[in-house]
Amino acid sequence: MKEDTSKKCQFKKTSGASCGAWAMKDSPYCFTHNPDMAVERKSAVLKGGLAQKKQLNLPRVDIQNPKDISKFLNKVVNELRTGKIDRRVANALGYLGGHLVKSMEVGIMEDRVVEIEKALKIKRPQEVEQEANELLGSKQSSPQ
Ligand SMILES: [Zn+2]
């Protein structure tokens, strides 16, 4: 079965190929190539730009600990459910929230390891290296 190209946009690209998009009703061109749609196209672009700016105008959040992340994610969930923020924004915030949780977990674990090492008087690799360098340095400089 041959495709009916009469309803396709008649615009020819510089390569000579046709646009391929469906033509608008009562026009041989699609929305992008219809010369009568220039004003509408411009306003659609403007509208898109404004919508994006509105979404990015969210208040600043201060996240210091895992509890703050819980509060933050709770807020994101509710803002998404009430339509205050876009699904894509919620997705991005959820993704970043997950990374914040992970990095905080690493920070908390690191602090705990330091505490345990202190309690057990275990030397950190940097300390061992520093002592070794000092020892080597003093041996090299001291006359035998
Ligand atoms: Zn077209």
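Residues are numbered from 1 along each chain as its sequence is written. Because the model is predicted, local features need pLDDT of at least 70 and side-chain atom pairs count only at pLDDT 80 or more, while totals for chains, interfaces and linings use all residues.

**Exercise 1. Overall plan**

Work out how many helices and strands the chain has, and how confident the predictor is in the chain.

*Solution.* 
- Step 1: Begin with the elements, which are DSSP runs numbered from the N terminus (helices are H or I with at least four residues, strands are E with at least two). The chain has four helices and zero strands.
- Step 2: Following the sequence, the pattern reads α-α-α-α.
- Step 3: Turn to pLDDT, the predictor's confidence in each residue from 0 to 100. Its mean over the chain is 85, and 86% of the residues reach 70 or more.
- Step 4: Among the elements, α2 has the highest mean pLDDT (93) and α1 the lowest (72).

**Exercise 2. Buried residues and contacts**

Find what percentage of the chain counts as buried, and what share of its contacts joins residues at least 24 apart.

*Solution.* 
- Step 1: Set the cut-offs: a residue is buried if 20 or more other C-beta atoms lie within 10 Å of its own, exposed if 12 or fewer, and partly exposed in between, with C-beta atoms placed from the backbone.
- Step 2: By that rule, 3% of the 144 residues are buried.
- Step 3: Two residues are in contact if their C-beta atoms, placed from the backbone, lie within 7 Å. Of the contacts between residues at least 6 apart in sequence, 22% join residues at least 24 apart.

**Exercise 3. How α2 meets α3**

Decide whether α2 and α3 run roughly parallel or antiparallel, and what kinds of residue make up their contact.

*Solution.* 
- Step 1: Axes are lines fitted to C-alpha atoms, for helices over the stretch in contact, and angles run from 0 to 180 degrees between N-to-C directions. The axes of α2 (residues 66–81) and α3 come within 10 Å and cross at roughly 170 degrees.
- Step 2: Angles under 35 degrees count as roughly parallel, over 145 as roughly antiparallel, 65 to 115 as roughly perpendicular and the rest as oblique. The two helices are therefore roughly antiparallel.
- Step 3: On the α2 side, the contact includes Phe 72, Leu 73 and Val 76, and on the α3 side it includes Leu 93, Leu 100 and Met 104.
- Step 4: Sort the contact residues: 11 are nonpolar, two polar and one charged. Here Ala, Val, Leu, Ile, Met, Phe, Trp, Tyr, Cys and Pro count as nonpolar, Asp, Glu, Lys and Arg as charged, and the others, Gly among them, as polar.

**Exercise 4. Ile 63 and Leu 100**

Locate Ile 63 and Leu 100, then say which residues Ile 63 touches.

*Solution.* 
- Step 1: Ile 63 sits in the loop between α1 and α2, while Leu 100 belongs to helix α3.
- Step 2: Ile 63 is partly exposed, with 15 other C-beta atoms within 10 Å. Leu 100 is partly exposed too, with 17.
- Step 3: The C-alpha atoms of Ile 63 and Leu 100 are 8.6 Å apart, although 37 residues separate them along the chain.
- Step 4: Setting aside residues up to four places away in sequence, Ile 63 touches Asp 68, Ile 69, Phe 72 and Leu 100.

**Exercise 5. Positive phi**

Find where Asp 26 and Lys 121 lie, and whether each is buried or exposed.

*Solution.* 
- Step 1: Asp 26, in the segment before α1 (38–56), has a positive phi near 65 degrees.
- Step 2: Asp 26 is exposed, with 7 other C-beta atoms within 10 Å.
- Step 3: Lys 121, in the loop between α3 and α4 (125–141), has a positive phi near 55 degrees.
- Step 4: Lys 121 also counts as exposed, with 6 C-beta neighbours inside 10 Å.
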